[in-house]
Amino acid sequence: MTTNRLEAFSDGVLAIILTIMVLELKIPLGDDLNSLKPFIPKLLNYLLSFIFIGIYWNNHHHLFHAIEKIDGRTL
């Protein structure tokens, strides 16, 4: 099997994970910067998680460019 199918599947899984993460963010009730204060820890947590998933996705693509065929050991 070529790497295209598994690479597309993993891209879809990561896209679903990022979408679920965004759905957890709530809209602040106020319209000033003070209303964002309670959300700063959650926003920083989201940003850090987004960066880690981005690093994982990038490494995953580099792995698939290094291999030519998918076999049982790769899975």
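This is a predicted model: local features need pLDDT of at least 70, side-chain atom pairs count only at pLDDT 80 or more; totals for chains, interfaces and linings use all residues.
Which backbone oxygen does the side chain of S10 reach?

The side chain of S10 reaches the backbone oxygen of E7, at 2.9 Å. S10 sits in helix 1, which runs over residues 3-23. The side chain of S10 also makes a polar contact with the side chain of H60, at 3.2 Å. Leaving aside residues up to four places away in sequence, S10 touches H60 and F64. The relative accessible area of S10 is 12%, under the 20% cut-off, so S10 counts as buried.

Now the other helix. Helix 2 covers residues 40-66, and I55 is in it. I55 has a relative accessible area of 45%, which lies between 20% and 50%, so I55 is classed as partly exposed. I55 also belongs to a nonpolar surface patch of about 660 Å².

On to the whole chain. The secondary structure is two helices and zero strands. Along the principal axes, the C-alpha atoms fill a box of roughly 55 × 15 × 15 Å. The radius of gyration is 18 Å, whereas a compact globule of 75 residues would have one near 11 Å. Buried residues are 16% of the 75. Of the contacts with a separation of 6 or more, 72% are between residues 24 or more positions apart.

Last, the surface. The protein exposes about 6200 Å², and carbon and sulfur atoms supply 68% of that.

Technical notes. Residues are numbered from 1 along each chain as its sequence is written. Side-chain values use heavy atoms; hydrogens and water are left out. Helices (H or I, at least four residues) and strands (E, at least two) are DSSP runs, numbered from the N terminus. Buried means under 20% relative accessible area, exposed over 50%, partly exposed in between (1.4 Å probe, protein chains only). A polar contact is a pair of N or O atoms within 3.5 Å; within protein, one must be able to donate a hydrogen and the other to accept it, and residues adjacent in sequence count only if both atoms are side-chain atoms. Contact means heavy atoms within 4.5 Å. Patches are made of residues with over 30% relative accessible area and no salt bridge: like charges are joined within 9 Å, nonpolar side chains (Val, Leu, Ile, Met, Phe, Trp, Tyr) within 5 Å. Accessible areas come from the Shrake-Rupley method with a 1.4 Å probe; for residues, only the protein chains shown count as cover. A salt bridge is a side-chain nitrogen of Lys or Arg within 4 Å of a carboxyl oxygen of Asp or Glu. The radius of gyration is taken over C-alpha atoms; the globule rule is 2.2 Å times the number of residues to the power 0.38.
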